[in-house]
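Subject: Structure for your review

Dear colleague,

Please find the structure below, handed over for your own work.

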Amino acid sequence: MTDMKILVVEDDPEAAAYMVKAFQESGHVADHAPDGLEGYALAREETYDVLVVDRMLPKLDGLSLIRSLREQKVETPVVILSALGQVDDRVKGLRAGGDDYLPKPYAFSELLARVEVLSRRRHAPAAEQTTYRVGDLELDRLAHSATRGGKEIALQPREFRLLEYLMKHAGQVVTRTMLLENVWDYHFDPQTNVIDVHVSRLRAKVDKGHAVQLIHTIRGAGYMIRDSAR
Amino acid sequence: MTALGKLVRATAFKLTLAYLVVFVVMAGCVLAYVTQSARELLLEQTRSTIAAETSGLAEQYRLGGVRRLVHVVERRTRLPGASLYLLTTFTGERLAGNVGELPAGVLDEQATRVIEYRRDDRHEDRQINGRALVQVYVLPGGFRLLVGRDLEEQERLRAVMWRAAGISLAFITILGCIGGWFITRRVLKRVEDISDTAQTIMGGDLAGRLPVTGAGDELDRLAMHLNAMLERIGELMNGLKEVSDNIAHDLKTPLTRLRNHAEEALRSSRTPDEYAAALGAVIEESDNLIKVFNALLMIARLEAGGEPQDSMAEFDAADVARSVVELYEPLAEDAGMTVSVDMPAHLPMYGSRELLGQALANLLDNAFKYAIPSDWAASSQPPALCISAARAGAGVEITVSDNGPGIPEDSRHHVVERFVRLEGSRSRPGFGLGLSLVSAVARLHGGRLRIEDNHPGLRAILELPGKGASA
């Protein structure tokens with residue numbers, strides 16, 4: 001995915017400059033607003049793909065900013081950044097109208113992955129597809145079945161959901177925490193590499209015996225499913 | 001504050017004073033009542049004396065007419081301590097008696113009453129002003145006979161009684177004040193001792209203890225309880241110090257490593273790959289730091305009861321337990337550990353699903369870390385993990401048990417403390433915060449974490465009482 005337009009609302013100039021630069025280096029356009037009011041004004045005037053909003057902002061705090069935007073029917077997806085990072089703060093943030101929540105400090109790759117997923121959702125919000133296809137891998141959500149090259153792959157229910165999530169975001173980086181959040185619905189950080197073990201099992205079922213590997217490990221970020229032959 | 005000021009302000013003194021006032025008022029009431037009753041009794045006696053005398057004189061008149069009456073009156077007035085007499089004609093002309101002047105109209109009224117009068121004292125030839133109780137009797141033929149008793153003696157008695165009452169009240173007041181002063185000084189001294197010691201303790205001498213006299217009174221009991229409190233505070237302070245020492249150690253170690261990696265890269269890296277590897281190591285170390293920091297914050301917040309109502313809801317504990325087990329199952333399989341699950345289909349409870357999930361993940365994490373000996377293939381028993389959950393009263397109890405080396409009994413209560421890592425586990429990854437967090441989660445739900453022997457192995461029991469206890 002290229003050329004997203006992102007608004008970063010963050011009062012710390014250094015953190016903001018870092019984010020803007022990093023988004024630009026990833027091929028996106030990023031604007032910066034140093035406080036809540038300016039962020040609100042920019043978000044209403046311009047059309048952005050995703051807003052990245054710090055929770056604690058001068059003049060207008062992050063949650064109020066999001067609430068005001070939602071009242072004005074500005075439905076741009078929002079990633080909330082927060083130094084608080086407790087279970088309750090996440091609930092509050094999402095309740096205020098945020099779409100995703102990332103506790104500080106975060107890895108930029110994590111933020112980028114989430115922003116890209118949100119942006120994609122904004123541009124392809126159509127009714128969820130019933131089948132996903134990546135190369136010769138096919139997943140039928142209604143029949144709860146997956147086939148590769150026409151051959152049925154036997155999957156455990158959780159493996160099915162894991163593959164479903166990966167394929168839904170085919171071509172996008174999906175981080176380990178995103179998998180834990182969306183496939184298991186937990187927001188904590190397991191001490192051990194449990195997610196890696198699950199992915200490698202899935203990979204064994206999906207990719208083993210095939211010349212083309214579909215599930216890729218993105219170093220320092222997470223995983224991506226894509227048809228590398230194309 | 002001056003010594004006197006202290007004394008006057010002391011509770012004991014104020015109490016004594018209040019009691020003194022109450023007592024003096026009561027004593028005053030009693031004395032006034034006694035005096036009044038005595039006076040009324042005397043007056044009553046006088047009244048009956050007058051009545052008797054009047055009827056006696058009337059009898060004399062009936063027997064011998066006015067002449068005899070005059071004679072009897074004359075004779076009686078001469079007796080010492082005589083009553084008052086006055087006999088007049090119906091026109092008011094004086095016939096006999098020892099009463100000098102009378103207020104006008106006294107003779108026209110027959111009721112017994114107190115009047116002012118002037119007395120003729122023939123012996124000393126002078127007139128005395130006085131008050132008297134008199135009765136006027138109209139004799140047949142219009143003569144008026146006045147009989148009365150002087151009240152001087154009674155007035156004197158009354159004065160004596162009032163003086164006695166006043167003096168006793170004064171004595172009571174003075175004695176009460178002195179007693180109150182002594183009691184106050186005694187109590188004040190004890191309280192002063194206690195507050196002086198408290199001052200030195202506040203000044204930093206945490207080893208100081210309040211004096212206990214051994215009298216077993218309420219001040220002793222207070223001092224003993226305060227001492228117990230000081231003991232507890234001392235323990236907590238020590239615990240806190242230990243924790244901050246541990247925090248210092250466990251945060252400084254990764255910080256040092258972080259710095260070392262950066263320095264190393266600056267000093268000796270040549271190729272971009274070397275730089276990339278060094279930066280990767282730096283990021284990894286900082287991620288570790290962030291994890292420790294998050295865990296610490298979370299525990300602190302949970303212990304402050306800070307994870308509040310927004311994330312609390314009804315959820316199925318069995319569902320959470322199964323999903324966490326399922327999350328870790330592949331890991332267990334890879335490690336050669338068998339995992340068994342024993343729980344009912346549903347275990348609804350009220351609490352934080354997220355936190356319970358994290359607590360269970362920590363327990364499983366620990367089991368993988370510590371219950372699988374590196375040489376288990378050589379031992380006869382393959383590692384096994386059992387997760388069971390059951391309803392316990394209104395709440396839920398979840399047990400994670402393994403057959404690993406377990407934890408020696410004397411260290412079991414220790415492992416839930418922050419940063420405690422037992423001998424032999426320091427080399428393994430981790431920060432020593434896992435069980436602290438589990439314990440904090442249990443407490444947030446009104447329960448606790450129990451660690452027991454599984455013969456062999458370790459059994460961690462998460463007690464999560466129902467709604468009532470967590471509210």
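**Findings**

In chain B, 26% of the 471 residues are buried (a residue is buried if 20 or more other C-beta atoms, placed from the backbone, lie within 10 Å of its own). This is a predicted model, in which local features need pLDDT of at least 70 and side-chain atom pairs count only at pLDDT 80 or more, while totals for chains, interfaces and linings use all residues. Residues are numbered from 1 along each chain as its sequence is written, and chains are lettered from A and ligands numbered from 1 in the order in which they are written.

**Chain B**

Chain B contains 9 helices and 12 strands (DSSP runs numbered from the N terminus: helices are H or I with at least four residues, strands are E with at least two). Of the contacts in chain B between residues at least 6 apart in sequence, 61% join residues at least 24 apart; two residues are in contact if their C-beta atoms, placed from the backbone, lie within 7 Å.

Helix H2 (residues 11-78) and helix H3 (residues 152-202) of chain B pack with their axes 9 Å apart, at an angle of about 165°. Axes are lines fitted to C-alpha atoms, for helices over the stretch in contact, and angles run from 0 to 180 degrees between N-to-C directions. H2(B) and H3(B) are therefore roughly antiparallel (an angle over 145 degrees). The contact of H2(B) with H3(B) comprises 19 nonpolar, 9 polar and 2 charged residues. Here Ala, Val, Leu, Ile, Met, Phe, Trp, Tyr, Cys and Pro count as nonpolar, Asp, Glu, Lys and Arg as charged, and the others, Gly among them, as polar.

**Contact between the chains**

Chain B contributes 25 residues to the contact and chain A 20 residues. On the side of chain B that touches chain A, helices H5 (272-303), H6 (317-334) and H7 (353-370) of chain B each supply at least two residues. That side of chain B has 10 nonpolar, 7 polar and 8 charged residues.

**A sheet in chain A**

In chain A, 3 strands form an open antiparallel sheet in the order E10-E12-E11 (two strands pair if DSSP finds at least two bridges between them). Strands E10 (174-175) and E11 (215-218) of chain A are the edge strands, each pairing on one side only. E11(A) is joined by 4 bridges to strand E12 (residues 222-225) of chain A, and His216(A) has Met224(A) in E12(A) as its bridge partner. Between E11(A) and E12(A), which form a hairpin, lie 3 residues; Gly220(A) in the turn has a positive phi of about 75°.

Yours sincerely

Conventions. Angles under 35 degrees count as roughly parallel, over 145 as roughly antiparallel, 65 to 115 as roughly perpendicular and the rest as oblique. A residue is buried if 20 or more other C-beta atoms lie within 10 Å of its own, exposed if 12 or fewer, and partly exposed in between; C-beta atoms are placed from the backbone.
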